Amino acid sequence: MMHGRDQSDSPVLAEKSANKTGQPAAESMERRGEAKGKAISSTTRRAQDRESVSPGLERLRQFVKVNRNVPLTALLHHMDVDLLRWSYFALKRNAAAGVDGRTWDAYGEGLEANLADLHERVHRGAYRALPSRRRMIPKPDGRERPLGIASIEDKILQRAMVEILNSIYEQEFLGFSYGFRPGRSQHDALDAIWVGISNTAVNWIVDSDIRSFFDTVSHDWMLRFIEYRIADRRILRLIRKWLKVGVLEGTVLTASESGTPQGSVISPLMANVYLHFVFDLWAQQWRRRHAHGNMIVVRYADDLVTGFEHEADARAFLADLRARLEAFGLELHPEKTRLIEFGRHARKNRKDRGMGKPETFTFLGFTHICGQSRRGKFLLWRKSRRDRMRAKLQEVKTDLHRKMHETLSAQGRWLRSVVIGYFNYHAVPTNSSALSAFRYHVVQLWWRTLRRRSQVDRTTLKVMLRLAQRWLPLPRILHPWPNQRFAVKHPRWEPGARIGPAGICAGGAR
């Protein structure tokens, strides 16, 4: 039986193995372009990258690497004007305004004076957080998701706080945590799932969904988790303010007793901290102490996928997971949490038992299917979720109706950006049919819109196909096979990896 790793050697894809991993190659950060339209004093350096903002943060990272489990008592001095300026330029320019009504552009008109005043109030203890403005966002299933929109100063401070805390927690988080972390993306998590299921003896999948996670996070537990590493009372006071400030809906202010507003800048990091203690560390220990066979874990924010070699391990893990989450105020969604037979032998095993095809599971916008290659070998297929595609097409239809009387060039440019954006995410191997279907339906929607512009319409099919050929890109696979990209990002040849020829490519350390 293979044994688990220590926390310091946690892989990107957690697998029950005695092999340790080395450090992955450093990933470069893309520099942000300078903001346009604002005249900043020539003496002000418009710092857009982390290293130029505060060399102290790099020293903090190195200190945390060496001094594990040491409470950090002095952190607020890292929140200087340079970091606040960088945080301002890191925000979205066209984001909605909070309850203060100040937009990104409006705040930038007197940027240096505003930042100096904000810095002075924070360090003097006079800063007061404002309630988040609630906005309901439609979900693909027809329901609505509450979104909290913070004020511009709260956004700036939260973005700066994320930068400081990332310097600490990026040294602590485990390798199978992917959501909202620097240098990691949704496709990295998808690659990890693909590699884990394809290269490991995984026969059962626990597809877990935490019910209303962002609304049910316990503030008390959150603060206790943060206090385990952060002992600077001024930092803790700021975080407590953002958790407790409440939500303004219309003219009604609702106090926040639990949860963290979805859409706030700091919420994703807070979610990662919470689940790091509630799930990640626990899952790592469970794998080491209780699993009798192989086990893989991938988490993206509150989306959890775990794979097991043995059904008994999977059932025991699911039962223990329910109890673990309940102890911290969380609950698995009874309708969206499933245990399914899935893997390279699932199709044959179910056929021998006279059952149908293996069930599928969804993760980050894709349906994962037990498929076969042209040679008849097991191949994990990924298809765009149908409900998400329908929701996107409905959105395109609604926007096309509003743009009905714009010029063909304007419509074509907009639709091209929509199709390119969809392809950039969904153009993965085995998903060609979904890409073609999306483009086909966009063409049909465009044609119907053009034919409704006039009672005497002359937009024939030949004309429509010519327009589509001019403006809409043809579907093609843009992403490499997951095992290729996974091997590049997490090479197995680094010193100390000690991975045998038969071992899974489990990824690098955090």
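This is a predicted model: local features need pLDDT of at least 70, side-chain atom pairs count only at pLDDT 80 or more; totals for chains, interfaces and linings use all residues.
I count two strands as paired if DSSP finds at least two bridges between them. Strand S2, residues 132-138, pairs with S3 in the antiparallel sense over six bridges.

Next I traced the strand order. The sheet is open, has four strands and runs S3-S2-S5-S6, with mixed pairing. Which strands stand at the edges? I found S3 (144-149) and S6 (252-254) there. Each has a single partner strand, so one side of each is left without a neighbour in the sheet. I also looked up the twist, which averages 40° from one strand to the next.

**Helix H14.** I moved on to residues 386-402. H14 has 17 residues. From its first C-alpha to its last I get 25 Å, close to the 24 Å expected at 1.5 Å a residue. I then listed its buried residues: Met389, Leu393, Val396, Asp399 and Leu400. They cover an arc of only 125° around the axis, which puts them on the same side of H14. What do they pack against? I noted strand S12 (378-384), helix H15 (408-426) and helix H16 (432-451). The face turned away from this buried side carries exposed Arg390, His401 and Arg402.

**Confidence.** Last, I checked pLDDT. The chain mean is 85, and 85% of the residues reach 70 or more. Over residues 1-52 the pLDDT is below 50, and this stretch has 153 contacts in the model beyond near neighbours in sequence. Residues 493-510 also stay under 50. For them I noted 65 contacts beyond four places in sequence.

Key: Residues are numbered from 1 along each chain as its sequence is written. Side-chain values use heavy atoms; hydrogens and water are left out. pLDDT is the predictor's confidence in each residue, from 0 to 100. Contact means heavy atoms within 4.5 Å. Helices (H or I, at least four residues) and strands (E, at least two) are DSSP runs, numbered from the N terminus. Axes are lines fitted to C-alpha atoms, for helices over the stretch in contact, and angles run from 0 to 180 degrees between N-to-C directions. The expected span of a helix is 1.5 Å times one less than its number of residues. Buried means under 20% relative accessible area, exposed over 50%, partly exposed in between (1.4 Å probe, protein chains only). The arc is that of the directions from the helix axis to the C-beta atoms.
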